[in-house]
Amino acid sequence: GWWGGAAVPAPECFGAVWSRDNHLGNIGISTEDDGPQPFYYTWRIPEDLADDECVMRIRYNQSTGDYDGLFAEADPERPGSLRATTESTAEPIDGFFVDARFNGESRCSQEEDTNDTPIKCRAAGFRWIQVPVVDDNEADDYVGLGFSQDPGQLNSGPLELNVQTDQVGRTFQDRSHVFQIKKDRPDGIAATDRIVNFNVRGRRGNIVQVYPSVEYDFIPSELSVEKGDVIHFQWTGSDANQQNNDGNGRAGTDRSNLVQMSNRMGSRPALAEENTLLTNDDGVLDEEEKARIARFAYLDQARGPGVCNADINANQNNADDNCKLLNRAKTGAYFDGGLVRMHNLGEHKILSTRNNDFSNRSHKASIFVRARQWTLLEEVAVVFGAGLAFAGAAYLAVALYAIRYPQSRFYSEKNRPKILEYLPEDTKQKLQAQRDAYKAKLLADWQQAVEDRTQLGAYKRSKPWDKFRGPMHRLVMALGMEKYATRGVLIFFGLFCFYGWFGYYSNRFNGFRQSRWFPVAKSGGYMLDFSLSCLILPMLRTLLSEVPKIKRLMPVSDPIECHILVAFSVAVGTIVHCVGHAMHALTKMGYFDDGEGAEFMVFRANVITDPAEGKRFVPLFNQIFDYSNRWAALTGIILTLLMLVIYVVAVVHRCAKKRRFSFEVFWWTHMLWIPIYLIMLVHGPMMYVWFLWPFLLLVADRFLRKENRRHDVGLLSAEVLPRDVLLLKFQKPPGFNYQAGTFAYLWCEDVSDKEWHPFTISSSPSDPYVSFHIRATSDMDWCSALREKLVPAAGDAVGRASSPSNGTVVYYKPTSHAYTKQLYSQRIQDRQDEDDDALSENVSLNELRIRRRARPMDSVFMKIDGPYGAPSDGVWEHKVVMLVGAGIGITPFASILRTMQIRQQIRQRATNLLQGRQTSADESLMRNGFQATELAA
């Protein structure tokens with residue numbers, strides 16, 4: 001509408017929730033715990049209102065479709081008004097927003113200069129009329145079959161419409177209410193305390209007499225507040241109701257009281273000692289609380305001889321002294337119960353004894369007091385603060401353990417907590433002396449065991465926690481999980497359990513009817529939040545290589561094993577979350593409701609209400625397709641199915657012996673992590689807080705990978721070694737600097753254009769090439785296919801193919817394509833001349849273009865992605881290193897040993913150089929190998 005000429009802001013105008021016409025009862029707004037709600041408007045009282053009386057006007061206009069097909073244009077004769085037209089160049093009229101601007105012109109039925117006001121017009125004996133905007137004739141043959149006085153003709157009109165087309169935009173309802181706002185809060189009520197208003201609505205009479213209003217009811221009928229919130233109990237009524245309307249107490253009056261009850265199915269109040277709504281949580285009913293309970297129940301009715309009828313059996317509704325029906329309550333029907341702070345958690349059931357009529361109406365309500373819900377900022381601060389506190393406590397525990405047991409690994413030079421550096425010098429010397437003595441004793445015991453020819457494996461190093469080793473330790477060893485028995489895993493699962501407890505504790509009073517299953521579901525949800533935020537960290541291989549210190553955040557140093565460990569925690573959190581929500585859903589369906597005949601509802605069109613305590617049971621279909629809760633149930637089901645696919649395929653792939661098909665399925669199903677994380681953002685409102693830092697790390701990892709990591713690589717040779725090992729040597733790409741023990745990913749377009757496989761680099765950083773030793777048995781799909789491509793089978797005398805023998809070497813020459821500039825590798829012994837005159841052939845232009853861009857049939861196109869760090873890349877940080885490996889697992893050691901050999905040669909020849917005994921070979925080695933070796937260090 002139009003607003004102007006006022007010093008206050010324009011009123012808020014919006015479409016109301018649909019209801020049937022002229023209906024002032026409950027409408028189709030429902031929440032989880034209560035049913036349809038009355039029309040309501042949430043108004044946050046402005047801070048700048050004065051401590052004075054206020055007037056609130058609630059108005060509404062009627063929407064109409066009578067203007068459909070018409071257009072609105074400015075009325076030049078009435079500024080600020082509109083008129084309807086059929087000209088399509090104007091703005092179409094939306095019947096929902098029709099307002100007073102569409103009302104017709106107001107004028108006198110006899111237009112004269114002296115009759116230009118309603119008073120003058122009526123004084124002259126004329127009528128003040130409205131000129132319709134659309135049509136001034138509400139009677140017509142709208143059906144269109146004609147109307148005639150001839151009995152033999154069809155008649156479909158005229159029909160009279162009860163439509164005032166001259167005033168369709170007028171205000172049809174105008175309700176004004178006078179009330180007072182207290183600016184200054186009472187003592188004890190802080191400015192940050194939340195104050196909630198609690199009232200009574202309705203009018204005196206039965207359901208027919210009060211229509212279209214409602215009978216008495218507390219408003220809201222089910223109020224949910226937090227512990228510490230303040231409720232202002234106040235309500236008003238009228239002493240001018242129709243005298244013949246049904247009701248209790250003196251005719252024509254409204255009175256409402258409030259007493260607590262223990263069973264909402266009944267009608268009897270609870271004893272004062274059982275009151276939990278109007279009392280503190282100290283368990284002691286003091287005099288102030290007794291006075292408050294009595295005032296809410298008896299409404300301050302005067303006391304004294306003759307004031308109230310002492311005969312409790314008297315049944316005179318209109319008697320002034322009938323205090324049991326609250327007839328002595330003060331005139332005006334306004335009751336101000338004051339501000340009451342909520343202390344006791346749980347559901348508090350209340351009723352009004354005067355208006356709660358077993359046969360006619362139910363004047364009851366429930367006030368739910370829940371634990372305080374933290375804001376987003378508070379929850380984030382608590383979660384991360386608790387994590388830091390836990391980490392700090394674990395750090396101090398490790399430091400104390402190191403002081404108590406200086407012979408343990410936690411007091412070693414590498415693992416010693418930095419805080420121990422601030423110990424007094426004499427204390428540090430004492431602890432170090434204990435550690436040295438312990439190490440000397442270990443060495444002596446070991447030497448004695450060797451001299452006694454005792455098997456070294458029988459020697460057992462005692463540790464302080466050996467006394468705790470027993471069945472649990474044997475179980476861990478039997479399951480092959482000893483690699484997870486580390487300090488990092490303990491801290492990770494400690495945080496995992498802490499967040500699960502935090503989710504349960506912070507939601508223990510939430511859920512449908514405070515079901516115990518809802519906090520269980522939230523516990524699993526918090527565990528999922530934590531685990532999912534850590535799940536992709538081990539897979540950021542580029543970032544882990546560029547910033548090796550990030551590895552210290554991982555529970556297990558091996559990225560793949562760490563990823564599996566976190567995935568296990570995700571599975572645990574998922575199971576807890578799903579079971580909790582499934583049981584909570586059954587609770588909402590009434591499956592666990594007390595009493596006989598609880599119905600297992602699945603597909604129902606509407607929510608079912610149980611008369612007992614007004615319980616609402618929500619069918620499963622309604623819960624799954626509840627859009628008001630961000631489709632949480634539906635997205636949760638989708639997420640569970642997607643994660644189940646990933647887990648099943650991962651387990652099958654890990655257990656499969658033939659992995660040719662399983663790896664491709666494993667790879668593509670793992671790509672479901674992208675839609676899973678996106679749906680998670682819709683499913684959980686707090687997920688973006690947990691995903692923020694993994695997302696930033698993921699972006700950094702992908703940026704580094706795109707910028708520096710992937711190279712076209714030229715193959716130099718492929719050699720078949722014993723025990724199905726394939727040795728590949730490549731040109732070292734520009735900028736490809738690596739350390740001994742690192743790994744890289746290989747890709748071959750001729751084998752699979754989708755698969756990248758990791759292999760440890762077996763060459764030394766000082767070597768002029770990059771080599772890989774690859775185990776290529778027949779049951780390994782990609783590796784065996786690569787061997788067949790690079791070292792093709794030779795034919796025997798009768799043309800049968802035979803596997804290449806050990807020692808077979810195929811040489812390749814890296815070549816840059818003349819047109820695509822693509823670096824590929826051509827087999828040397830079968831190489832053909834690339835300068836054949838293709839133009840001499842009778843081929844089309846498109847075929848010629850394809851041939852120019854194609855590679856020779858006996859060439860390969862490969863890429864290398866890396867290098868990436870591995871657990872052995874920190875080998876140079878230690879003075880003594882023990883290398884233990886078997887089979888193809890010794891590949892990292894080949895690079896380490898080769899680097900050590902070259903370093904030793906450099907040191908020896910550097911000595912020769914300083915002593916003047918250098919040779920040309922020494923100078924060449926010093927010139928070419930020194931820089932690469934230092935990079936490897």
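Author: Buried means under 20% relative accessible area, exposed means over 50%, and partly exposed lies in between, with a 1.4 Å probe and protein chains only. Cys54 has a relative accessible area of 16%, so Cys54 is buried. This is a predicted model, in which local features need pLDDT of at least 70 and side-chain atom pairs count only at pLDDT 80 or more, while totals for chains, interfaces and linings use all residues. Residues are numbered from 1 along each chain as its sequence is written, and side-chain values use heavy atoms, with hydrogens and water left out.

Now the pairing. A disulfide is a pair of cysteine sulfur atoms within 2.5 Å. The search of the whole structure finds one disulfide. The partners are Cys308 and Cys323, with sulfur atoms 1.8 Å apart. The angle about the S-S bond is -80 degrees, and the link of Cys308 and Cys323 is left-handed. Both Cys308 and Cys323 lie in the loop between helix 2 (287-298) and strand 17 (335-341), so the pair ties together parts that are 15 residues apart in sequence. Helices (H or I, at least four residues) and strands (E, at least two) are DSSP runs, numbered from the N terminus. Cys323 has 2% relative accessibility and therefore counts as buried.

Cys534 is another case. The closest cysteine sulfur to that of Cys534 belongs to Cys562, at 8.3 Å, which is too far for a bond. With 14% relative accessibility, Cys534 also counts as buried.
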